[in-house]
Amino acid sequence: MPPVRRITSRNARFQQWQALLGNRNKRQRAGEFLVQGVRPISLAVRYGWPVHALIFDAQRKLSRWAEELLDTVRTEHIAMAPDMLADLGEKNEAVPEVVAVVGMPADDLDRITVPDDFLGVLFDRPTSPGNIGSIIRSADAFGAHGMIVAGHAADIYDSKSVRASTGSLFALPAVRIPSPREATDWVAAQRDKGRPIVLVGTDEHGDCDVFDFDFTQPSLLLIGQETSGLSSAWRELCDYTVSIPMTGAASSLNAANAATAVLYEASRQRIAAARRAG
């Protein structure tokens with residue numbers, strides 16, 4: 001195991017790590033963010049994300065998982081007092097065993113693999129980082145190949161998003177883009193390569209119910225901002241819109257719930273088609 005450095009005061013380096021939790025600009029400048037939890041850290045390592053440091057409780061007997069992590073991951077190891085580690089883990093009661101400092105990948109749409117049966121999600125100007133993480137988790141669960149977060153939006157690497165993804169952030173490419181142009185240029189390039197991706201928006205008054213749309217074709221699902229839905233620019237770019245039939249008093253679903261419902265239907269159709277073909 002590499003040498004262990006001890007940090008016993010809230011020095012400049014500790015403050016820099018603490019700032020990564022709530023300051024997007026500092027995360028971006030540093031090119032790193034904090035990750036807590038056994039599953040997220042394990043997946044970050046499994047999928048080859050750069051781990052810049054592992055911070056652990058200096059006063060606690062480590063679990064077998066933590067010992068193996070520290071033995072395996074060749075990076076800087078930091079022993080820290082539990083009250084300071086609790087601040088980095090954003091825990092009021094239980095102190096996390098390990099917090100990882102992880103490097104951010106580039107926001108490059110080429111990180112997203114585009115097979116013939118491509119399924120992706122684009123989230124337009126989300127305001128809730130928790131919703132971003134929840135949709136990444138659902139997209140990963142239902143076989144999507146990538147996630148795009150467009151426009152002035154909450155951050156993929158906000159700690160609330162990272163926690164809500166429960167580690168799926170490290171398995172599913174998620175890319176930030178500033179405007180529709182980057183996505184439309186990317187889709188056009190994929191179409192030129194023979195992958196006819198269709199843009200499918202979710203809307204209360206869609207062209208058809210989600211069950212009646214053919215999601216076995218390569219599709220990019222567009223999810224609107226939590227309060228105002230899809231922007232007019234994205235609505236105009238949609239090839240189709242779909243709605244989720246609902247009963248009861250609710251007129252709409254939370255953005256993450258709506259995305260999950262449509263992703264499940266896309267997955268169901270694709271599984272059924274594969275079974276028929278087999």
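The second largest pocket in this structure has a volume of about 170 Å³. Keep in mind that the model is a predicted one. The pocket's lining is made up of Arg24, Asp107, Val149, Gly151, His152, Ala153, Ala154, Arg176, Ile177 and Pro178.

Seven strands form an open sheet in the order E8-E7-E6-E11-E9-E12-E10, and their pairing is parallel. Strand E8 (174–177) and strand E10 (208–209) sit at the edges with a single partner strand each, so one side of each has no neighbour in the sheet. Elsewhere in the sheet, strand E6 (residues 119–124) pairs with strand E11 (residues 219–223) in the parallel sense, over five bridges. Gly120 stands opposite Leu220 in E11. As background, strands of a sheet pair through backbone hydrogen bonds, in either a parallel or an antiparallel way.

| Residue | Strand | Relative accessible area |
|---|---|---|
| Gly146 | E7 (residues 146–150) | 2% |
| Thr241 | E12 (residues 240–243) | 15% |

Gly146 counts as buried because its relative accessible area is 2%, under the 20% cut-off. What does Gly146 touch, not counting residues up to four places away in sequence? Its list is Ile112, Leu119, Gly120, Val121, Leu172 and Pro173. The C-alpha atoms of Gly146 and Ala174 are separated by 5.9 Å, although these two residues are 28 residues apart along the chain.

Thr241 is buried too, at 15%. Leaving out neighbours within four places in sequence, Thr241 is in contact with Gly201, Asp203, His205, Gly206, Asp207 and Cys208.

On to helix H3 (residues 38–46), where Pro40, Ile41, Leu43 and Ala44 are buried. These four cover an arc of only 165 degrees around the axis, which means they lie on the same side of H3. The general rule here is that an α-helix has 3.6 residues a turn, so residues three or four places apart point the same way. Which residues are exposed on the other side of H3? They are Arg39 and Arg46. As for what the buried residues of H3 pack against, the partners are strand E2 (32–36), helix H4 (64–72) and strand E5 (98–103). Just after H3 comes Gly48, with a positive phi of about 80 degrees.

Notes. Residues are numbered from 1 along each chain as its sequence is written. This is a predicted model: local features need pLDDT of at least 70, side-chain atom pairs count only at pLDDT 80 or more; totals for chains, interfaces and linings use all residues. Side-chain values use heavy atoms; hydrogens and water are left out. On a 1 Å grid over the protein atoms alone, a cavity is a set of points where a 1.4 Å probe fits but cannot get out, and a pocket is an open set with protein on both sides within 12 Å along at least five of seven lines; lining residues have an atom within 4 Å of a point. Grid points are joined across faces, edges and corners, and a volume is the space filled by probe spheres set on the points. Buried means under 20% relative accessible area, exposed over 50%, partly exposed in between (1.4 Å probe, protein chains only). Contact means heavy atoms within 4.5 Å. The arc is that of the directions from the helix axis to the C-beta atoms. Two strands pair if DSSP finds at least two bridges between them.
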